[in-house]
Amino acid sequence: MDHIIDGVLRFQREVHPNRQALFHELALGQAPEAMFIGCADSRIVPEVLTQQGPGSLFVVRNAGNIVPPSSTEPGGVTASIEYAVAVLGIPDIVICGHSGCGAMGAILRGAESLEKLPAVARWLHYADAARDAIAANFAQASEEEKHNALVRENVITQLDNLLTHPVVADGIQNKQLRLHGWVYDIGSGSVHTYDARVHKFVPISEDYFANATPTD
Ligand SMILES: [Zn+2]
């Protein structure tokens, strides 16, 4: 922890004074360009991946980059989505999965691996549709292939869950909101994005229309 506290002190001493205009502006409010829903994994740093600074991304991270479906249960992800869309008017939501995801690995290993982690087990039930799709379609695949397929399928499942939220459905219907489903490969740095026009993940590019917003 020592070098983390050292980092705060260095931030106060060196970084903040050198960017005063930015921090004074940010002190007045935020107008982020996108909401980023990613995994809590320490290797996923949304601002590094997207080369953004403070004020640009409205970030929610949790085990498995999961979005619980809309319900009356109180929930941090749901509340954050509602605030991002209804109050901040965020025009884009990214759900980002990643290679080597511990949550996806736990799903593949099955319920026994989660016996001592009841909260994780309950949380990962929000990815059951992805788990079932992999069990049905990748039964003969290698563990690595299954893992990579589950990471992608989970992004699709969470995009579906996102659509159950009334603020999201309304935003899409009114053409004020776009969805993006990404998979980031930590080792290579590649990012694939779900293209709803072809129902496939494609390498991310400047193609503005390659996104996960439903096309019908
Ligand atoms: Zn993960």
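Student: Where does I93 lie?
Tutor: I93 lies in strand β3; strands are DSSP runs of E with at least two residues, helices are runs of H or I with at least four, and both are numbered from the N terminus. Bear in mind that this is a predicted model, where local features need pLDDT of at least 70, side-chain atom pairs count only at pLDDT 80 or more, and totals for chains, interfaces and linings use all residues. Residues are numbered from 1 along each chain as its sequence is written, and side-chain values use heavy atoms, with hydrogens and water left out.

Student: Is I93 buried or exposed?
Tutor: Buried, with a relative accessible area of 0%. Buried means under 20%, exposed over 50%, and partly exposed in between, using a 1.4 Å probe and protein chains only.

Student: And what does I93 touch?
Tutor: Leaving out residues up to four places away in sequence, its contacts include M35, I37, V85, L162 and V168, where contact means heavy atoms within 4.5 Å. The C-alpha atoms of I93 and M35 are 4.7 Å apart, though 58 residues separate them along the chain.

Student: Which residues touch the most other members of the largest nonpolar core?
Tutor: M35, I81, I93, L162, V168 and L179, out of 47 residues in that core. A nonpolar core is a set of buried Ala, Val, Leu, Ile, Met, Phe, Trp, Tyr and Cys residues joined through side-chain atoms within 4.5 Å.

Student: Which helix gives the most to this core?
Tutor: That's α8, with seven residues.

Student: Switching topic: what coordinates the zinc ion?
Tutor: C39 (SG), H98 (NE2) and C101 (SG), at 2.0 to 2.3 Å. Donors are N, O and S atoms within 2.8 Å of the metal (3.2 Å for Na, K and Ca), and water is not among the atoms, so sites may look incomplete.

Student: Where do C39 and C101 sit?
Tutor: C39 is in strand β1, while C101 is in the loop between β3 and α5, 62 residues apart. Both cysteines are buried.
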